Amino acid sequence: MTPSPRMAARRHELLDDMSHTAERFLCDHDIPAPVATLLAGALADHLAERWGGQMISFPKDHRRKLYEQDMEIYRQFTGHNHAALAMEYRMSERGMRKLITRVTARLAQQSAEEPPRLQG
């Protein structure tokens with residue numbers, strides 16, 4: 001089964017965008033432009049060869065974005081600025097209190113799940 005011209009164009013757009021993005025990121029990390037171009041192209045080729053023909057749906061990852069925002073709010077929390085944070089993030093004060101409680105519980109759970117570190 002041959003892919004439709006529209007599907008082929010979308011696949012090309014995806015690989016082209018990924019290649020340009022990888023190249024820019026590499027250059028941003030002081031990789032010389034010719035090397036960045038070569039690596040980004042190799043990555044696009046690898047993805048096309050390894051995953052070509054597959055139907056893949058990329059999640060928008062709303063949970064990760066919410067988690068990042070929750071952590072940003074939590075970092076700004078001083079213990080008594082619920083109202084100010086609620087106003088800044090356009091939330092109710094009650095909603096802000098719930099968010100702080102949720103993040104505190106999540107961090108406590110993560111801390112409890114971490115194995116003890118050996119000192120030596």
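Ile-56 sits in the loop between α2 (33–51) and α3 (62–76), where helices (H or I, at least four residues) and strands (E, at least two) are DSSP runs numbered from the N terminus. The model is a predicted one, in which local features need pLDDT of at least 70 and side-chain atom pairs count only at pLDDT 80 or more, while totals for chains, interfaces and linings use all residues. Residues are numbered from 1 along each chain as its sequence is written, and side-chain values use heavy atoms, with hydrogens and water left out.

With a relative accessible area of 47%, Ile-56 is partly exposed; the classes are buried under 20%, exposed over 50% and partly exposed in between, with a 1.4 Å probe and protein chains only. Together with Leu-14, Trp-51 and Phe-58, Ile-56 forms a nonpolar surface patch of about 440 Å² of accessible area. Accessible areas come from the Shrake-Rupley method with a 1.4 Å probe, and for residues only the protein chains shown count as cover. Patches are made of residues with over 30% relative accessible area and no salt bridge; like charges are joined within 9 Å, and nonpolar side chains (Val, Leu, Ile, Met, Phe, Trp, Tyr) within 5 Å.

Trp-51, a member of that patch, also has Arg-50 over its face, at 4.7 Å from the ring centre. For this a charge must have NZ of Lys or CZ of Arg within 6 Å of the ring centre and within 35 degrees of the ring normal. Aromatic pairs number 0 in a search of the whole structure. Such a pair needs rings of Phe, Tyr or Trp (its six-membered ring) with centres within 6.5 Å; planes under 30 degrees apart count as stacked, over 60 as edge-to-face and the rest as tilted.

**Overall content**

The protein has 5 helices and 0 strands, and from the N terminus on its elements run α-α-α-α-α. Of its 120 residues, 15% count as buried. Among contacts (heavy atoms within 4.5 Å) with a separation of 6 or more, residues 24 or more positions apart account for 38%.

Leu-99 belongs to helix α5 (residues 93–113). Is Leu-99 buried or exposed? Its relative accessibility is 3%, so Leu-99 counts as buried. Leaving aside residues up to four places away in sequence, Leu-99 touches Asp-70, Ile-73 and Met-91. Of these, Ile-73 is 26 residues from Leu-99 along the chain, and the two C-alpha atoms are separated by 8.7 Å.

**Salt bridges**

Side chains of opposite charge can pair when their charged atoms come close. The structure holds 5 salt bridges, each a side-chain nitrogen of Lys or Arg within 4 Å of a carboxyl oxygen of Asp or Glu. Three of them are listed here.

| Pair | N to O distance |
|---|---|
| Glu-68 and Arg-64 | 2.6 Å |
| Arg-97 and Glu-93 | 3.1 Å |
| Arg-102 and Asp-70 | 3.3 Å |

Glu-68 and Arg-64 both lie in helix α3, 4 residues apart, about one turn of the helix. Glu-68 has 42% relative accessibility and counts as partly exposed; Arg-64 is partly exposed too, at 40%.

In helix α5, Arg-97 and Glu-93 are likewise 4 residues apart, about one turn of the helix. Arg-97 is partly exposed, with a relative accessible area of 41%, and Glu-93 is partly exposed with 36%. Elsewhere, salt bridges that share partners join Asp-70, Arg-102 and Arg-106 into one network.

**Positive phi in loops**

Where does Asp-30 lie? Asp-30 is in the loop between α1 (5–28) and α2. Its phi is near 65 degrees, a positive value in a residue other than glycine. Asp-30 counts as exposed because its relative accessibility is 69%.

Arg-90, in the loop between α4 (82–88) and α5, has a positive phi of about 55 degrees although it is not a glycine. Arg-90 is exposed, with a relative accessible area of 81%.
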